There are 2 protein chains.
Amino acid sequence: MVELSRADLHVSVWDPVATSMNFLNEVAGRYPDAISLAAGRPYDGFYSVDDVERYLRIYLDHLRAEGRTEEQVRGMLLQYGRTNGQLGALIARMLDVDHGVQVPAESVMVTAGCQEAMVIALRALCAGPDDVLLAVEPCYVGMTGAARILGVEVVPVPEGADGLDPATVTAVARRVRAAGKRPRALYVVPNFANPSGVSMPVPTRRRLLEVAAEQDLLVFEDDPYGLFGLDDEPHPTLKSLDVNGSVVYLGSFAKSCFPGARVGFLVADQVVVDDAGRRTLLAEEMSAIKSMLTVNTSPIAQAVIGGVLVESGCSLRAANRDKIEFYRHNLRTLLTALEEHFPPAERERHGVRWNVPSGGFFVVVEVPFPADEKLLQVSAERHGVLWTPMSFFYQDGGHHALRLSCSYLEPDRIREGVRRLSRLITETA
Amino acid sequence: MVELSRADLHVSVWDPVATSMNFLNEVAGRYPDAISLAAGRPYDGFYSVDDVERYLRIYLDHLRAEGRTEEQVRGMLLQYGRTNGQLGALIARMLDVDHGVQVPAESVMVTAGCQEAMVIALRALCAGPDDVLLAVEPCYVGMTGAARILGVEVVPVPEGADGLDPATVTAVARRVRAAGKRPRALYVVPNFANPSGVSMPVPTRRRLLEVAAEQDLLVFEDDPYGLFGLDDEPHPTLKSLDVNGSVVYLGSFAKSCFPGARVGFLVADQVVVDDAGRRTLLAEEMSAIKSMLTVNTSPIAQAVIGGVLVESGCSLRAANRDKIEFYRHNLRTLLTALEEHFPPAERERHGVRWNVPSGGFFVVVEVPFPADEKLLQVSAERHGVLWTPMSFFYQDGGHHALRLSCSYLEPDRIREGVRRLSRLITETA
């Protein structure tokens with residue numbers, strides 16, 4: 001019988017990122033009663049299974065109201081359909097309503113979750129062996145993982161307390177160019193980043209876009225948490241500030257609707273010119289890649305998300321009022337629990353500190369000892385609490401920090417999780 | 001404003017395959033009244049939009065009947081879920097019922113259509129720059145396109161009237177090895193292939209599997225049309241004959257259910273051994289790749305397909321009785337119409353011939369003149385009929401042949417399409 005050697009399979013199967021994620025899942029599986037401050041998945045208590053049928057009907061009625069025949073509606077739900085999907089107009093309207101971003105419907109591609117959007121944007125731009133992606137570090141593993149699948153080199157740009165520093169981006173881009181490579185794009189999560197929780201101030205955002213233009217970089221803006229700020233202060237997307245047309249926007253419905261749809265999108269309204277001078281939109285060119293990855297995004301799944309958009313008047317902000325409050329309360333609960341267990345004197349004594357994000361799902365705690373897989377194992381077994389080693393998000397770094405997530409738990413469990421974590425920390429420090 | 005050069009984007013955006021497919025779509029768009037013998041999409045008249053809700057309910061009731069709580073059912077529909085999906089057990093049972101194939105549920109990965117299954121299988125196996133895919137030629141563009149996205153070299157293995165010749169596979173594999181490369185896998189559609197319509201006799205299938213073992217090749221078996229034979233004679237899958245464990249089976253629900261679900265699967269029950277001697281299944285290792293492409297397959301879409309499987313007792317053959325009759329009637333109609341317009345004497349006079357597939361959606365017509373894009377344009381404009389140049393499916397070849405598809409049209413339209421085609425041929429020959 002055929003036996004394959006694991007080392008003979010593609011690097012993405014056995015590299016450290018895959019191994020780390022497997023380890024995390026494995027620990028979570030072995031200690032099902034541990035409180036998970038590791039999982040960043042959204043809370044699903046705002047929906048019932050009946051909502052799926054309801055959204056489906058709302059969308060189908062919307063198609064009928066737009067004048068489509070029953071046969072056309074059937075085709076839109078059951079057939080292959082356009083490679084770039086059928087929600088372009090609704091998503092473009094949502095971007096205008098929620099973010100003040102005006103883009104043509106044709107610049108929107110609906111994807112099989114934001115993950116596929118990352119793969120497609122990366123594949124389109126990083127075309128040759130010298131094309132390099134710059135990426136904020138610490139970095140969401142979905143982006144580095146997508147690059148590994150495609151064999152694209154990722155050069156990290158270290159993040160500060162205020163997110164990416166545009167001057168650092170310039171320095172890294174120059175260094176890459178000096179080494180004979182071409183930096184094609186920069187990946188960044190400007191709002192409440194995963195994993196760091198940090199956000200970029202508005203002036204820094206504007207400066208980053210100038211740097212992108214100077215350095216001939218596209219910016220891949222990933223914004224899954226933008227709605228979930230602690231206050232109502234607007235956090236303008238890079239896309240809304242983008243006077244030069246540098247930003248490819250990567251969108252997710254996993255947090256603003258639900259992950260089970262597996263619908264995301266990208267906006268690529270850049271103009272592409274061919275040898276004959278013909279002009280198209282980047283999203284339209286990218287459809288050749290999408291067609292060879294997944295053909296198109298499940299029309300049934302698109303219809304469900306379409307229903308959410310139609311019902312809310314294309315405002316995810318409006319559709320998410322309850323969820324925004326829930327996540328705010330959770331983040332405040334997490335930060336308050338950390339304060340309670342580590343008042344200033346204790347914090348100093350144990351050498352512990354953490355950042356105070358202005359929104360989102362994540363907080364980073366720095367500790368004076370290695371927060372590695374070994375410690376995670378101890379934490380799960382003896383203390384019944386899980387978290388994510390920050391080193392998972394670095395090429396080499398983050399060894400003394402851990403990421404806490406507060407998206408999925410009820411407040412009581414967050415408090416209990418932090419209590420358990422405080423015991424681990426005081427015992428280990 | 002940013003302007004990108006098309007030549008600076010990835011090759012998959014502007015290479016001949018992408019350009020050809022664009023051309024085909026463009027012509028179809030410009031001549032909406034032309035009869036399309038080009039489109040291979042399934043007929044959707046067997047379903048109504050209400051079926052989607054019905055299948056969804058059947059699957060959710062199935063989950064409840066298996067003892068899951070309402071909260072668990074909600075999580076399975078709305079949350080991320082397992083990377084490899086939740087239909088493993090139902091699909092494994094279907095493979096047993098319909099094909100006599102016994103595999104563990106853990107060897108099944110549910111994918112975002114069969115297209116993603118191709119990308120994942122290819123990425124897992126073709127790991128290094130010298131790893132090469134052998135592929136039957138003419139070849140379905142989804143497979144060659146997937147290879148281009150990943151930068152994997154494809155070496156064609158020419159197909160004969162009885163499909164792949166195992167001796168040719170051996171010769172090509174040896175030649176590739178002599179050139180310092182490693183043939184890792186062989187892509188083949190043994191039943192009613194797309195685009196050629198040909199099928200492999202059973203003894204040839206057995207011999208092909210011996211060759212795969214001798215040449216240390218995995219076989220990627222793609223079988224979207226296997227159910228749709230002209231008679232009830234069984235067409236055993238390679239997987240069912242696979243005593244050595246060489247076959248990775250690529251499955252589609254687009255034809256047996258409907259494309260709008262965008263659900264496919266792969267079966268990879270090969271054992272993978274790591275340095276420490278730990279043994280896993282290939283499908284489990286492949287989940288690291290799946291997680292970086294689409295995270296998981298839309299659980300909502302999975303639930304709809306799950307409903308089809310539950311309702312039919314996990315027999316797509318049973319679920320497809322009407323469709324099988326429909327497609328048989330269509331293929332017979334197409335073949336009869338060709339006979340009528342080109343009786344033997346006419347056939348000889350015009351230098352026209354075609355193959356007579358024993359099932360599936362496709363027939364190949366050979367003509368004594370180039371069946372190229374220029375002729376397709378003439379065909380659409382003057383004769384109102386579309387077809388696919390066979391050259392689209394070759395690296396270099398198929399210049400005097402065209403593919404006819406009979407899957408989507410009602411029989412009357414097929415007859416009219418062939419009548420129009422016959423005028424094109426007699427006018428051009």
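User: Where do I start with charged side chains here?

Analyst: A salt bridge is a side-chain nitrogen of Lys or Arg within 4 Å of a carboxyl oxygen of Asp or Glu. In this predicted model, local features need pLDDT of at least 70, side-chain atom pairs count only at pLDDT 80 or more, and totals for chains, interfaces and linings use all residues. Side-chain values use heavy atoms, without hydrogens and water. B:Arg353 and B:Glu366 make such a bridge, at 3.6 Å from N to O.

User: Which strands hold B:Arg353 and B:Glu366?

Analyst: Strands (E, at least two residues) and helices (H or I, at least four) are DSSP runs, numbered from the N terminus. B:Arg353 sits in strand S13 (residues 353-354) of chain B and B:Glu366 in strand S14 (residues 362-366) of chain B, so the pair ties together parts 13 residues apart in sequence.

User: Is B:Arg353 buried or exposed?

Analyst: Buried means under 20% relative accessible area, exposed over 50%, and partly exposed in between (1.4 Å probe, protein chains only). B:Arg353 has 54%, so it is exposed, while B:Glu366, at 37%, is partly exposed.

User: What does A:Asp44 pair with?

Analyst: A:Asp44 forms a salt bridge with B:Arg74, their closest N and O atoms being 3.1 Å apart. This pair crosses between chains, from the loop between strand S2 (35-36) and helix H3 (49-65) of chain A to helix H4 (residues 70-78) of chain B. Both A:Asp44 and B:Arg74 are buried.

User: How many salt bridges are there over all chains?

Analyst: The count comes to 62.

Conventions:
Residues are numbered from 1 along each chain as its sequence is written. Chains are lettered from A and ligands numbered from 1 in the order in which they are written.
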